[in-house]
Amino acid sequence: MVNLSFLKRQEEEKLFFVLDIGTEAVKALIFEKRQGKISVLGAGLEYFDRFSVLESGKFEIEVTKKTISKAVEEAQKEQGAKTSSVFLGFSCDILKGRIISHSLERKEKKNVDEKEEGEIKETVLREAKKKIAESYALQKGILPQDIQFQELRILETKIDGYRVPSLLGYDGRNADFKILATFLPKYYLESNFSNFISPPIIPIIREMGFKILEIRHPIVGLLSFLSRYPDALLLDIGGEVTQIFWVRQGILEEISEFETGGRQFSQILSENLGLSELEARNLKHRYSKRDLTEESRREIGKLLKIPTQIWFQGLKEKLREIGAGVFPSEIFIFGGGAFLQEMEDVLESGDWEDIYFPPPIKVKFIEPRVFISEFSKSSFPSEKSEGRIRNKEWDLINVEVKAKNLNSQYIPSLLISLNSLKINLDF
């Protein structure tokens, strides 16, 4: 006889991982879903051993496997929970996020019915996909058909210049759309793809026995968080890349990135103090926690001025590229490179030159528990909102933190996982 109580308990209690594979480290979080509530049970982080790759001469696959395994083991050991179901995230140099605008002119001035609305949406998304694929392929020297799209959604719709929730029932002639797309090269997904630039991550993870549920970009979770912050600039300061999210009037305006991050700060300490990269990274963390003498802090602070200014210059150059006019004065920072006080100081007091923010600039360091609290109050938008941030269309979600070692480096992982788990509470 089938034990129905056991089956019911299995349905009510589910475990999931998120694996967030960055440029410098792998982060793993393990979650439990029970009776509609999500608990963060454990967290694990492991840095890639770059010296090991060079020393052994082996391809990166074995190092990637080892790094993933160690991060997973660390996350599992806190509560003793194990699972093979995985939500997967990548660094923004692999899994890209982009915003693209598209306009079209309707042939007739009549009210839009459901059929025409569906046809317009299909055309808009197809054209956006084509534009992005061609542009990215040109930059990276690959074929447009070798790009895999993960997310494609309309964030904003306008008819004759007026923002509307949808085109249905309107008779305007000129329609404008803002579209969110996330995508990555297919060679990260396919084990038989030739001329690998980097290890084919998906086959590696499957070979390790994991069941991949979804590949997610952090931006999907950020749409949830930003329901409470409709005008903001967010900076994910990773190991080697900083990602920028610009939100204005509740709409995501731009996603971009530049190649400077927290690792450059470790390298400066390594080169000037004769330390290994691991020692330099540990020293940087101790410095950020004020776990050093004042004299040592002063000397390290002098060394960090150079990479701080290099990073700040890179940020300014990218902001000039992505937008003109006024940026929001509320800046959120997170990621491994956001620990340093220098980042907050230069953002609040640095010379922005021709880039304007309404004074005063307020920099907020996002702590995981604060983020989860904010996320729990907002959750993610309904399908009919098409990504627009509207509080009344959002459901609440109950999230509990049991993991003890969460820090700002896990914010992108939380963005990937919490939104996916909210969507998939019933699977």
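Arg-106 and Glu-116 form a salt bridge through their side chains, with an N to O distance of 2.8 Å. The model is a predicted one, and a search of the whole structure gives 24 salt bridges.

**Further salt bridges**

- Asp-171 and Lys-109 meet through their side chains in a salt bridge at 4.0 Å, N to O.
- This pair links distant parts of the chain, since Asp-171 is in the loop between β7 (162-164) and β8 (174-185) and Lys-109 is in the loop between β5 and α4, 62 residues apart.
- Asp-171 has a relative accessible area of 35% and is therefore partly exposed, while Lys-109, at 52%, is exposed.
- Within helix α3 (residues 60-77), Glu-62 and Lys-65 lie three residues apart, about one turn of the helix, and their side chains form a salt bridge of 3.9 Å, N to O.
- Glu-62 is partly exposed, with a relative accessible area of 45%, whereas Lys-65 is buried at 16%.

**Aromatic pairs and cluster**

- The structure contains 12 aromatic pairs, counted for ring centres within 6.5 Å.
- In the pair of Phe-16 and Phe-87, the ring centres are 6.0 Å apart and the planes stand at 45 degrees, so the pair is tilted.
- Phe-16 is in strand β1 (residues 13-21) and Phe-87 is in strand β4 (residues 85-90), so this contact ties together parts that are 71 residues apart in sequence.
- Phe-16 and Phe-87 are both buried.
- One aromatic cluster is formed by Trp-246, Phe-312, Phe-327, Trp-352 and Phe-357.

**Charges over rings**

- Arg-281 is placed over the face of Tyr-47, at 3.6 Å from the ring centre.
- Arg-297 has its charged end over the ring of Tyr-287, at 4.4 Å from the centre of that ring.

How values were computed
Residues numbered from 1 in each chain as written. Predicted model: local features only at pLDDT ≥ 70, side-chain atom pairs only at ≥ 80, totals over all residues. Heavy atoms only, no water. Phe/Tyr/Trp six-rings, centres within 6.5 Å; stacked < 30°, edge-to-face > 60°. Helix = DSSP H or I, 4+ residues; strand = E, 2+ residues; numbered from the N terminus. Buried < 20%, exposed > 50% of the residue type's maximum accessible area, 1.4 Å probe, protein only. Lys NZ or Arg CZ within 6 Å of the ring centre and 35° of its normal.
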